[in-house]
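Please look over the sequence and the model before reading the points below.

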Amino acid sequence: MPRSYPPEFRRKVLDLVASGRKVAEVAQLLGISDQTISVRRRQHLIGTGQLPGTTSSDRSELVAARKRIAELEAELTIHRRAAELLGKVTHPKGGSKPSA
């Protein structure tokens with residue numbers, strides 16, 4: 001699982017890169033990988049509208065929506081199956097006698 005850094009630390013990393021320092025230099029200075037900085041920088045640029053893409057908040061909303069859709073589809077399947085079972089009339093003891 002990727003390591004999560006506090007927002008202040010992430011902001012510091014982005015500020016150092018924005019000040020003109022090279023990504024590799026900042027990574028070595030702070031003891032993190034170049035890729036971590038690059039991913040964070042790209043997310044920041046997308047979030048601020050400087051690059052096209054899905055923002056972090058949009059992504060989390062999308063994940064929640066997909067989860068809810070899956071729950072609703074499962075519930076619908078259960079209801080459809082229940083309707084099928086209830087639609088078939090079954091008589092106790094294998095049948096009924098005609099009334100007189």
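The points below concern a helix, its packing and one further residue.

1. This is a predicted model, in which local features need pLDDT of at least 70, side-chain atom pairs count only at pLDDT 80 or more, and totals for chains, interfaces and linings use all residues. Residues are numbered from 1 along each chain as its sequence is written, and side-chain values use heavy atoms, with hydrogens and water left out.

2. Helix α3 covers residues 34-47, 14 residues in total. Helices here are DSSP runs of H or I with at least four residues, numbered from the N terminus. From first C-alpha to last, α3 reaches 20 Å, close to the 20 Å expected, where the expected span is 1.5 Å times one less than the number of residues. Just after α3, G49 has a positive phi of about 80 degrees.

3. I37, L45 and I46 of α3 are buried (under 20% relative accessible area, 1.4 Å probe, protein chains only). Seen down the axis of α3, the buried residues fall within an arc of 165 degrees, so they line one face of the helix; the arc is that of the directions from the helix axis to the C-beta atoms. They pack against α1 (7-18) and α2 (23-30).

4. The contact of α2 with α3 (heavy atoms within 4.5 Å) is made by V23, A24, V26 and A27 of α2 and D34, I37 and S38 of α3. These residues divide into five nonpolar, one polar and one charged.

5. K12 lies in helix α1.

Notes. Helix = DSSP H or I, 4+ residues; strand = E, 2+ residues; numbered from the N terminus. Buried < 20%, exposed > 50% of the residue type's maximum accessible area, 1.4 Å probe, protein only. Nonpolar A, V, L, I, M, F, W, Y, C, P; charged D, E, K, R; others polar.
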